Amino acid sequence: MSRYNFKEAEAKWQKVWQDNATFEVTEDSDRAKYYVLEMFPYPSGRIHMGHVRNYTLGDVVARFKRAQGFNVLHPMGWDAFGLPAENAAIQNNTHPATWTMQNIATMKAQLKTMGLSYDWTREVATCTPQYYKHEQKMFLDFLQAGLAYKKESWVNWDPVEHTVLANEQVIDGKGWRSGAAVEKKQLSQWFLKITQYGDDLLEGLKTLERWPEKVRIMQENWIGRSEGARVFFEHTDRDASLEIYTTRPDTLYGASFMAVAANHPLALEQAKTDPELAAFIQDCNALGTSEAAIESAEKKGYKTQLSVKHPFIEGHTLPIYVANFVLMEYGTGAIFACPAHDQRDLDFARKYNLPVIPVVAPKDIVGTDEEAAWLEHLANTAAEAFAEDGIAVNSDFLNGLAMADAKSAAIAKIEQMGRGKGTVQYRLRDWGVSRQRYWGCPIPIIHCTDCGPVPVPEDQLPVELPQDITLGQAGNPLDAHPTWKHVPCPSCGKAAVRETDTFDTFFESSWYFARFTDAKSKQAFSKSAAEYWLPVDQYIGGIEHAVLHLLYSRFFTRALNDCGYLDVKEPFAGLMTQGMICHETYQDSGGKWLTPQEAERLGEGQVKVGRSEKMSKSKKNVVDPELIIGTYGADTARLFMLSDSPPDRDLDWTDAGVEGAWRYVSRVWRMVHGALDSLPTVGTAQPGSFSPEAIALRAQTHKTVDGVTHDLGHFHFNKAVARIRELSNSLEAFNAGDDASAWVRREAFEFLAKIINPMMPHLAEEVWQALGHKTLIADESWPSVDPSLLVDDTLTIAVQVNGKMRGTIELAKDCPQDEAQAAALALDTVIAAMAGKPPRKVIVVPNRIVNVVV
Ligand code: ANZ
Ligand code: ZN
């Protein structure tokens with residue numbers, strides 16, 4: 001027998017699917033829809049193993065749901081704007097568009113070799129004006145709806161990339177891509193009002209039952225809702241007050257000083273006459289604006305000449321510091337500090353010798369002999385603040401109250417005094433979308449000295465990027481373009497200039513899932529198409545997008561709702577986050593990283609084998625998907641991706657694992673071809689009876705289908721693979737001596753083909769065809785199981801006639817009495833023993849015996 005020629009077979013079926021438009025779909029209100037989406041790739045050059053895993057997972061879901069009768073939308077496209085294209089263009093002296101389009105072509109060809117069931121007619125590339133003109137329109141609609149605005153603000157400035165970074169793009173005080181220490185800078189920026197949806201985004205999380213708990217918690221923390229109060233502290237030396245935000249009004253009696261952010265108006269005002277303070281502020285600005293940067297930095301402060309009055313304690317004043325740990329963008333940019341119960345405040349107080357006044361104590365200590373010593377320790381020596389729940393002490397009218405009650409009582413008093421108000425505060429901040437970059441979507445605004453920022457009229461959209469551009473100089477390339485920005489003001493006709501910033505590239509990915517529902521539309525998408533397909537039923541991608549991309553998409557969907565684009569609220573009903581692909585690492589004696597090939601060439605003694613780590617270019621432990629697909633075929637690569645680990649776990653790449661997958665693929669092919677001569681033709685009627693061996697195989701076949709159906713429905717792909725392998729083993733060992741057994745074997749092969757189809761679609765088509773079918777297995781429905789074959793435990797039960805043993809029957813455990821009775825009376829030996837007389841009585845002892853009395 002020949003070998004399975006996967007190269008030929010895979011190319012053949014890919015062409016057949018394409019020629020038949022097998023995976024192209026349209027809305028069909030009579031059919032239930034299912035929308036499967038994998039996070040679309042950035043066209044960086046070539047696909048990597050992470051892509052292979054992501055798209056395999058999606059394809060299994062898509063093909064499975066399709067077989068189950070759903071109208072499945074499964075699209076693919078390119079998240080094509082972004083900085084790497086600019087960098088590559090500079091490096092290779094090409095144009096970002098050229099580089100991007102070439103990469104798309106390469107990667108698309110690579111994806112095609114994977115046999116993914118995409119409707120390619122819906123492909124989008126976000127860098128084309130056909131795509132981005134719609135987001136320009138969206139932006140103008142947001143502007144009109146009050147969801148976009150411009151403001152001067154402190155931004156995270158990446159000194160290497162010369163661009164503003166969102167807080168989310170600052171990791172440990174460094175630019176997420178450049179790794180450079182981020183600086184602060186003030187710029188006029190466009191913002192989207194994501195904070196307007198703070199509560200709604202939080203509420204919506206509760207409805208997302210098919211999201212990983214972990215991701216929901218991450219979003220919840222990001223939104224960071226907290227209840228507290230704004231309190232006004234009157235200045236001692238002027239007729240004004242300092243507004244602060246606190247989540248712990250219950251600790252007001254423990255206030256020991258006030259602190260304002262380095263860019264707080266009060267600090268800036270004081271700095272005008274205090275050069276030392278001005279220098280301190282500059283120091284603070286060198287630190288990023290991100291919380292992480294601020295958390296990790298040493299707490300530093302500068303004491304101003306100003307002070308305020310304590311709202312509750314007559315005659316008590318508090319000095320005002322400028323402190324580097326207070327953020328201008330959160331709350332009011334000013335706090336009262338309570339060192340006893342806040343770690344940052346305590347660090348600060350110990351450093352600058354400020355009083356530490358404990359006002360909360362643990363419940364089990366209050367009123368005991370230990371209380372005084374405990375309070376004394378916290379006040380004078382403790383290095384750790386007491387931030388836990390407790391009972392108010394040293395706090396006048398609050399004394400004895402538990403934390404929650406003390407909070408409410410303090411707020412009530414503040415409100416009654418007219419000194420402030422209870423409020424809800426979010427950590428979430430508005431999304432700054434301006435980027436000083438070329439390779440992004442131009443922001444459709446024209447700045448006129450008379451009219452201010454004027455929206456580009458709709459009939460002039462899209463504002464296209466100019467092709468001729470000089471990259472590689474510091475600053476904003478569009479701004480440096482000699483002519484592009486000079487246009488007349490749409491409102492008064494005077495000479496004006498275009499906005500030269502482009503959108504953050506998260507803009508494009510915030511609505512692409514909606515574009516896919518109607519990718520050729522002259523609008524962004526039609527409402528009817530969006531309503532039919534959305535929400536995405538299953539979204540699959542990396543956990544690294546748990547906060548940014550998913551939150552922005554959820555915000556966009558709400559904003560688009562409010563602008564009349566669509567009616568759904570949550571874009572992704574189900575979410576699966578996949579684990580990483582890892583591989584052993586290798587180093588030579590000098591510590592230089594080696595590729596697996598280099599390590600093999602050097603030989604064992606020369607190589608230090610390291611632990612398995614996420615595949616990365618820097619550690620040289622990557623395996624090129626193209627090589628694997630070329631050597632073993634797409635089905636093997638796909639099978640391996642599914643076999644060993646659940647999708648959300650990391651997966652260890654091993655050569656042995658891949659070879660094992662390949663052996664299985666060829667084995668299935670050989671098994672079917674070896675049996676072809678002995679199989680009945682397609683459509684042969686089911687025989688009346690089977691041998692016990694045949695019954696056993698049938699039962700296993702149906703149980704396997706049942707189990708795989710459940711597994712695929714719950715993303716237990718590795719379990720499904722294990723079941724399928726077991727069935728294959730039984731099939732291989734099965735000896736079909738008679739026609740009925742041959743029929744059972746065909747049934748098993750056909751079911752096998754159908755259940756491997758989501759995972760190994762080429763092999764499945766090949767087997768299906770070999771079995772004599774003229775249809776495509778891609779168009780076949782999922783096999784339906786015979787429930788009677790699923791019953792797990794069967795028992796052998798004795799049948800007596802008038803107390804004499806006459807034979808046995810096979811019955812399902814705990815089967816109903818009338819079924820046992822009927823089976824007993826149908827036995828040939830029983831009929832003979834009854835000799836034509838009717839039964840007087842049938843006694844059924846469940847799971848044991850049936851006695852017929854005549
Ligand atoms: C007094 C106090 C006493 C506080 C105490 C905490 C503990 P979350 O929960 O994250 O919302 N804060 C307020 N605005 C700030 C800013 N702009 N920069 C830095 N810190 C700020 O945090 C709220 C708490 O963080 C607030 O409650 C405030 O300190 C501080 F025992 O007020 B608290
Ligand atoms: Zn004008």
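Okay, a quick definition before we start: when I say domain, the bounds come from an automatic or database domain assignment. With that in mind, the centres of domain 1 and domain 6, taken over C-alpha atoms, sit 63 Å apart. For the protein chain, that assignment lists domain 1 (34-136 + 506-578), domain 2 (148-212 + 446-503), domain 3 (225-426), domain 4 (581-652), domain 5 (655-789) and domain 6 (794-853).

Some housekeeping. This is a predicted model, where local features need pLDDT of at least 70 and side-chain atom pairs count only at pLDDT 80 or more, while totals for chains, interfaces and linings use all residues. Residues are numbered from 1 along each chain as its sequence is written, and chains are lettered from A and ligands numbered from 1 in the order in which they are written.

On confidence: pLDDT is the predictor's confidence in each residue, from 0 to 100. The protein chain has a mean pLDDT of 94, with 99% of its residues at 70 or more. As for the model scores, ipTM is 0.90 and pTM is 0.82.

Now the overall picture. The C-alpha trace of the protein chain spans about 115 × 80 × 65 Å along its principal axes. We get 28 helices and 33 strands, taking helices (H or I, at least four residues) and strands (E, at least two) as DSSP runs, numbered from the N terminus. Of the 854 residues in the protein chain, 43% are buried. Buried means 20 or more other C-beta atoms within 10 Å of a residue's own, exposed means 12 or fewer, and partly exposed is in between, with C-beta atoms placed from the backbone.

Let's look at α1, residues 6-19. Which of its residues are buried? Phe 6, Glu 10, Trp 13 and Trp 17 are. Seen down the axis of α1, the buried residues fall within an arc of 70 degrees, so they line one face of the helix; that arc is taken over the directions from the helix axis to the C-beta atoms. They pack against α21 (634-643) and α26 (761-770), with contact meaning C-beta atoms, placed from the backbone, within 7 Å. On the other side of α1, Lys 7, Glu 8, Lys 15 and Asp 19 are exposed. After α1 comes Ala 21, with a positive phi near 50 degrees.

Then there's α2, residues 49-67. How much of α2 is buried? It's 18 of the 19 residues, so α2 is largely enclosed by the rest of the structure. Gly 69 follows α2, and its phi is positive too, near 100 degrees.

Key: Contact = placed C-beta atoms within 7 Å.
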